[in-house]
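Please read the following account with the sequence and the model side by side. It goes through charged side-chain pairs and then through pockets.

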Amino acid sequence: MRFRLLYSSDHLPEAARKVLPSAHGGFAVDRRPGRGEIYFALPGAGILQISADLKTVRMIETPDVMKKVNLHNTTFWQTPEGTPYLIFPANDAGKVFTTTLDGRLVHTLNTPTADDDFDQPAVNDYFLGKGNFAPTDVEELDGLYYVTTGYSNLDFVLTARILRTSPFEAVWNDLAFGGKGEGPGQFGTAHGITVPPGKKRLDISDRPHSRIERFTRYGHYRSTLEMPRGSLPCDIDYLDHYAVVASLDGPDPSKGAPIYILEDDKLISTIMPKEDLGLQNFKHNHNAVLQKIGNKYYIIVQAWNPGDFAILEQVME
């Protein structure tokens, strides 16, 4: 699969372009039939929505408490009744925000305290000692939030249980798994977490070990998907038989960081935004998602340090 540049950061509203160099987040796609909008956030600008046809980007009114912090990723989910929500982990504020699609804040999950009882003594001791909480990504599965904490010394996946949605209420749950380490089921930095469509599985990007680790919803380690050595995968996103992995680095840093395309877990394409497409700011890819329009695939990608934004279109010839 080959791709060309369709839209650069010029596609964003002016207020978003002004703060784009500080971009440090990720995307979520509304994959409900007939939808396809994509959501993300920028510090200082708030939540943005990309239209399903990718032709327009609009800003969504965002509470100040969210605009002032870094929202490190975005997750779309819906209740069994079909009510949709967005989740934003604020890594620098130690909070997890839940909003409606129009940006209304319905719940804030705060840093765990010594009063929260997890089934891992190491986790309880960590928060008893007032360890920092730096959530990097969140997924929802069967009424639980699964929260990666890769930017903290903890590096466990924590869970919170959704008690109700009207009004919205969630509390920390006892299940926790992972932890710092190099062995199977442990993390160097648990950076991203993904539930593949139609599965009850958690795919966690263990960035420094260049691997995607797979767990059951009960936190049991199952397998590892190895990525190219030194690629530092930030997250994985699935669509049809394909997956896209945004990498923070590559084997040759002077060429910028790669975006990998997998088909049924096998690497089939490597896209180099900096070297191949001339996107000079794409030294480090932080997040990417796939979208399909007609018979073409598209990659929506965000760079970090400096931040940048691009939409890539599949070349069919």
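D265 is partly exposed, with a relative accessible area of 36%, where partly exposed lies between buried, under 20%, and exposed, over 50% (1.4 Å probe, protein chains only). Its partner in a salt bridge is R214, with 2.9 Å between the closest N and O atoms; the term stands for a side-chain nitrogen of Lys or Arg within 4 Å of a carboxyl oxygen of Asp or Glu. R214 lies in strand β16 (residues 211-216) and D265 in the loop between β20 (259-263) and β21 (266-271), so the pair ties together parts that are 51 residues apart in sequence. Strands (E, at least two residues) are DSSP runs, numbered from the N terminus. R214 itself is buried, at 7% relative accessible area.

This is a predicted model, in which local features need pLDDT of at least 70 and side-chain atom pairs count only at pLDDT 80 or more, while totals for chains, interfaces and linings use all residues. Residues are numbered from 1 along each chain as its sequence is written, and side-chain values use heavy atoms, with hydrogens and water left out.

The whole structure holds 16 salt bridges. One of them joins K292 and D240 at 3.8 Å, N to O. Because K292 sits in strand β22 (residues 285-293) and D240 in the loop between β18 (233-239) and β19 (242-247), this pair links parts that are 52 residues apart in sequence. K292 is partly exposed, with a relative accessible area of 37%. Through shared partners, salt bridges also connect R201, D203, R214 and D265 in one network.

A pocket is an open set of points on a 1 Å grid over the protein atoms alone, where a 1.4 Å probe fits, with protein on both sides within 12 Å along at least five of seven lines; lining residues have an atom within 4 Å of a point.

V29, F76, E139, V195 and P197 are the closest to its centre among 35 lining residues.

How values were computed: Helices (H or I, at least four residues) and strands (E, at least two) are DSSP runs, numbered from the N terminus.
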